[in-house]
There are 2 protein chains.
Amino acid sequence: MSLLVVGSVARDTIRTPHGEVQDALGGAAVYFSLAAHNFTDVRLVGVVGDDFDAGDIELLKSRGVDLAGLQVIEGGRTFRWSGEYSEDMNSRETLSVELNVFEHFEPVLPDGYGDSSFVFLANASPATQLSVLEQVESPLCVMADTMDLWIDIARDELVELLGRIDGISLNDAEALQLTGRKNLIDAGQAILDMGPATVIVKKGEHGAVLFTAGAVVALPAYPTGEVVDPTGAGDSFAGALMGSLAQAGAVDEERLKTAIAYGSVVASFTCEGFGTARLAELGEDEVKDRFLKYCESLRICR
Amino acid sequence: MSLLVVGSVARDTIRTPHGEVQDALGGAAVYFSLAAHNFTDVRLVGVVGDDFDAGDIELLKSRGVDLAGLQVIEGGRTFRWSGEYSEDMNSRETLSVELNVFEHFEPVLPDGYGDSSFVFLANASPATQLSVLEQVESPLCVMADTMDLWIDIARDELVELLGRIDGISLNDAEALQLTGRKNLIDAGQAILDMGPATVIVKKGEHGAVLFTAGAVVALPAYPTGEVVDPTGAGDSFAGALMGSLAQAGAVDEERLKTAIAYGSVVASFTCEGFGTARLAELGEDEVKDRFLKYCESLRICR
């Protein structure tokens with residue numbers, strides 16, 4: 001089924017203990033799309049300046065990403081982010097952010113996108129995310145991401161959004177911040193009470209926890225020793241998750257578990273290269289192989 | 001098969017955001033035994049002073065714990081520990097430690113214990129742990145725990161121990177400290193290279209990772225929102241793990257996964273009460289029910 005993502009397209013400069021890349025293709029919607037294309041075609045809505053690389057446009061198109069919704073602002077400059085990871089890569093410092101054309105991004109869905117069945121509202125202001133909701137007709141499943149900034153400065157709009165969408169994926173610190181709880185399981189359940197039928201709390205190298213009305217399921221990350229750059233892991237996770245759900249064409253606990261498993265597997269590949277490098281070259285067979293290995297490792301004989 | 005644990009027996013004073021207990025039954029060997037008794041009878045070797053509570057002796061005996069190896073030092077005072085947990089319970093501060101009779105603990109296995117098939121060397125100096133190895137004849141599986149202190153001050157003896165045992169369970173910070181690695185998966189594999197066929201890295205609320213020659217398997221903790229006191233969770237985990245293996249009578253990857261699952265489940269119960277309170281009243285049925293729920297939650301339909 002059709003999958004739409006609305007979010008940032010960026011150029012990232014990333015430093016980790018394993019090396020550095022400058023002005024590399026990045027942004028939530030890009031990681032999302034490159035992960036999701038392993039499951040279904042993706043419609044991307046975002047904005048870039050006219051400095052955006054033609055080669056990157058071609059790369060995305062070659063991966064089945066529909067760019068009809070990518071606005072190119074003449075004379076504008078693409079969103080730029082620069083960050084550096086700590087020695088153990090469990091924390092990172094943002095060195096600079098230039099919002100540029102993303103600062104006044106007003107997503108406009110091109111003709112024919114209003115019928116999208118699966119919609120992912122990548123991290124943006126809740127007001128921007130709500131404006132997309134107005135443009136989709138009767139989606140089967142809308143999920144969103146958010147960040148600490150919006151919990152701080154746009155809590156009311158975020159709460160309104162939560163009341164109108166089907167699912168939210170956010171990280172553990174954000175879940176605690178949003179709810180004021182100290183225990184993550186408590187926090188996940190408190191977010192369910194705010195509206196969405198599905199809450200997915202991402203814990204980085206420790207995996208993710210799924211909350212639905214009927215279940216709380218913790219699933220581990222795929223264990224990899226080759227982490228060279230965690231940038232985009234969360235967005236790749238979301239891309240594979242939504243891609244898997246769109247491919248299945250329905251959302252229930254079993255399909256959500258499968259989708260989280262795919263999310264964990266694809267995120268592990270993302271971490272094994274700088275920026276989108278590993279993700280962009282990923283083949284469906286390696287995804288499937290690692291997925292089967294992951295599922296098998298979780299099968300416990302009684 | 002027979003299961004022996006050698007380690008501390010203590011009186012703990014614990015403060016958490018949920019309350020406080022004073023001079024409650026505690027110690028690694030106690031948590032271990034109360035967890036393991038759900039699977040098999042346990043032989044406990046430890047030391048207490050004559051201030052130790054007769055009621056606690058009865059409690060342990062009633063749970064199938066053989067106390068022939070519990071030394072009672074006349075005029076001695078039992079090991080006491082006092083600690084306070086942070087608001088989110090992810091860290092704790094030790095307020096006081098009185099080693100008392102545990103300071104010069106020299107484990108002596110009573111007659112008939114030398115044939116123990118499964119042996120757990122709970123946290124103690126590597127020299128003390130090695131002295132137990134000399135007293136067991138041909139155990140099927142010896143596992144040990146350790147702590148940051150011994151990695152700091154007794155590294156050589158710890159490395160010697162690792163070369164002579166079958167498995168080690170330690171927490172994530174200790175695994176990184178022991179190996180100097182920054183990535184946990186790297187660290188676990190580096191510990192395998194030090195000798196033991198099995199390495200289990202405990203990550204508290206994030207579960208555990210199993211390392212063997214053939215596999216790296218990450219398993220989540222059982223998600224519980226009712227954490228009132230995490231004291232003893234790691235030792236309960238080890239107790240259920242070794243109890244499950246001793247019940248199975250063999251060690252291989254499948255049995256280790258099952259054992260870790262039981263460890264996670266029993267540890268989750270431990271956290272739901274203060275000290276040993278919840279663990280001591282635990283019934284085999286509730287353990288089995290939660291175990292089945294845990295396994296089912298990890299079963300991913302493809």
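## Sheet, helices and chain pairing in a predicted two-chain model

In chain B of this predicted model, helix α9 (residues 253-271) lies across β9 (141-145), β11 (198-202), β12 (208-211) and β13, and runs at about 165° to β12(B). Contact here means heavy atoms within 4.5 Å. Axes are lines fitted to C-alpha atoms, for helices over the stretch in contact, and angles run from 0 to 180 degrees between N-to-C directions. Helices (H or I, at least four residues) and strands (E, at least two) are DSSP runs, numbered from the N terminus.

Residues are numbered from 1 along each chain as its sequence is written, and chains are lettered from A and ligands numbered from 1 in the order in which they are written. Local features need pLDDT of at least 70, side-chain atom pairs count only at pLDDT 80 or more, totals for chains, interfaces and linings use all residues, and side-chain values use heavy atoms, with hydrogens and water left out.

### The sheet of chain B

Chain B holds an open sheet of nine strands with mixed pairing, in the order β5-β4-β1-β8-β9-β10-β11-β12-β13. Its edge strands are β5 (65-73) and β13 (216-219), each of which pairs on one side only. From one strand to the next, the twist averages 15°. Two strands pair if DSSP finds at least two bridges between them. At the β5 end, strand β4 (residues 42-49) of chain B pairs with β5(B) in the parallel sense over seven bridges. B:G46 has B:L70 in β5(B) as its bridge partner.

### A hairpin and a strand residue in chain A

In chain A, strand β6 (residues 79-85) and strand β7 (residues 92-98) pair in the antiparallel sense over six bridges. A:Y85 is bridged to A:R92 of β7(A). The two strands, β6(A) and β7(A), form a hairpin with six residues between them, and A:M89 in the turn has a positive phi of about 60°.

A:A68 belongs to strand β5 (residues 65-73) of chain A. Is A:A68 buried or exposed? A:A68 is exposed, at a relative accessible area of 53%. The cut-offs for these words are under 20% relative accessible area for buried, over 50% for exposed, and partly exposed in between (1.4 Å probe, protein chains only). Leaving out residues up to four places away in sequence, A:A68 touches A:P110 and A:Y113. The C-alpha atom of A:A68 is separated by 38 Å from that of A:G225, which is 157 residues apart from A:A68 along the chain.

### Helices of chain A

| Helix pair | Axis separation | Angle |
|---|---|---|
| α9(A) (residues 253-271) and α11(A) (residues 284-297) | within 9 Å | roughly 120° |
| α1(A) (residues 28-36) and α8(A) (residues 233-248) | 7 Å | about 45° |

Angles under 35 degrees count as roughly parallel, over 145 as roughly antiparallel, 65 to 115 as roughly perpendicular and the rest as oblique. On this scale α9(A) and α11(A) are oblique to each other, and α1(A) and α8(A) are oblique to each other.

The crossing of α9(A) and α11(A) is right-handed. Residues making the contact include A:Y262, A:V266 and A:F269 of α9(A) and A:V287, A:F291 and A:Y294 of α11(A). α1(A) also passes α8(A) in a right-handed crossing. There the contact residues include A:Y31, A:F32 and A:A35 of α1(A), with A:A238, A:G239 and A:M242 among those of α8(A). A crossing is left-handed if the near helix is turned anticlockwise from the far one by less than a right angle, and right-handed if clockwise.

Helix α3 (residues 126-133) of chain A is largely enclosed by the rest of the structure, because six of its eight residues are buried. These are A:P126, A:T128, A:Q129, A:L130, A:V132 and A:L133. Their cover includes β1 (3-6), β8 (118-121), β9 (141-145), α4 (148-153) and α5 (155-162) of chain A.

### The two copies

Chain A can be laid on chain B with an RMSD of 0.0 Å by a turn of 180° and a shift of 0.0 Å along the axis. The two copies are thus related as by a two-fold rotation axis. The superposition is by least squares on the C-alpha atoms of residues with pLDDT of at least 70 in both. The copies meet through the same surface, because 97% of the interface residues of chain A are also interface residues in chain B.

A:D23 is found in strand β3 (residues 19-26) of chain A, and B:D23 in strand β3 (residues 19-26) of chain B. Phi is near 50° in A:D23, a positive value in a residue other than glycine. Phi of B:D23 is likewise positive, near 50°. A:D23 counts as partly exposed at 38% relative accessibility, and B:D23 counts as partly exposed at 37%.
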